[in-house]
Amino acid sequence: MPTVMLTGQKGIMNSRQARFQIVDVVAAFRPLTKMSRQIIGPATIPTLVRDAFRTAMEERPGPVLLELPEDIASEEAEADLVPSHPIDIPVAHPTAIARAADMILKAKRPLIMLGAAASRPRATGELGGFVQRTGIPFFTTQMGKGTVAGGTDLYMGTAALSERDYVHEAIDKADLIIAIGHDTIEKPPFFMGQADQKVLHIS
């Protein structure tokens, strides 16, 4: 989910209590957010706010943090807001699309895997349509569950384990796994071991 968080703390320009009350919130949140910045002056607010919303909403959507210290928040300033603009989603090169289509058409036992990054509100309809049109069976990772409705005979299950689950019988027999939205933060849904098995990764 795109999220913009705003935190505040003691003043940074001067501090009667020295620095023991000042926490480096920006550094603490940097590993958890797509962007983490401190507002150091009123004139920078329009640009930082616009950049925060753009970063939060662009692929992949996620949280951003802006820290507004109380001494900066108490200042008065006039600034024009930076208007938003449409965000263009990148499209794969035609050669890559043709190569992927060729791999799918040549596969005798293809299998679709839906991962965490496939779970996007604007993508689920297209993914469901793709599965129904092609008739290719699919399974999900734990974090990709619900991306496509599982109430059909094409649904093979969820790879909650990395191996030796019933869904791995289908995975082991597939000659091509179309991995849509696999994210390395997830538990591995399977371990590759077959020499004749290929994986097509679609980010």
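**A predicted chain, by question and answer**

Me: What radius of gyration does the chain have, against that of a compact globule of 203 residues?
Reply: This is a predicted model, where local features need pLDDT of at least 70, side-chain atom pairs count only at pLDDT 80 or more, and totals for chains, interfaces and linings use all residues. Residues are numbered from 1 along each chain as its sequence is written, and side-chain values use heavy atoms, without hydrogens and water. The radius is taken over C-alpha atoms, and the globule rule is 2.2 Å times the number of residues to the power 0.38. A compact globule of 203 residues would be near 17 Å, but the chain has 23 Å.

Me: What does the C-alpha trace span along its principal axes?
Reply: The spans are taken along the principal axes of the chain. They come to about 70 × 35 × 30 Å.

Me: How many helices and strands does the chain hold?
Reply: Both are DSSP runs numbered from the N terminus: helices (H or I) have at least four residues, strands (E) at least two. From the N terminus on, the order is β-α-β-α-β-α-α-β-α-β-β-α-β-β. The totals are 6 helices and 8 strands.

Me: Which residues form the aromatic pair?
Reply: The structure holds 1 aromatic pair. Rings of Phe, Tyr and Trp (its six-membered ring) pair if their centres lie within 6.5 Å; planes under 30 degrees apart count as stacked, over 60 as edge-to-face and the rest as tilted. Here the centres are 5.3 Å apart and the planes 40°, a tilted pair of Phe 138 and Tyr 155.

Me: Where in the chain do the two partners sit, and how many residues apart?
Reply: The pair links distant parts of the chain. Phe 138 is in strand S5 (residues 138-141) and Tyr 155 in strand S6 (residues 155-159), 17 residues apart.

Me: Is Phe 138 buried or exposed?
Reply: Buried means under 20% relative accessible area, exposed over 50%, and partly exposed in between (1.4 Å probe, protein chains only). Tyr 155 has 22%, so Tyr 155 is partly exposed. Phe 138 has 0%, so Phe 138 counts as buried.

Me: What share of the contacts with a separation of 6 or more joins residues 24 or more positions apart?
Reply: Contact means heavy atoms within 4.5 Å. The share is 65%.
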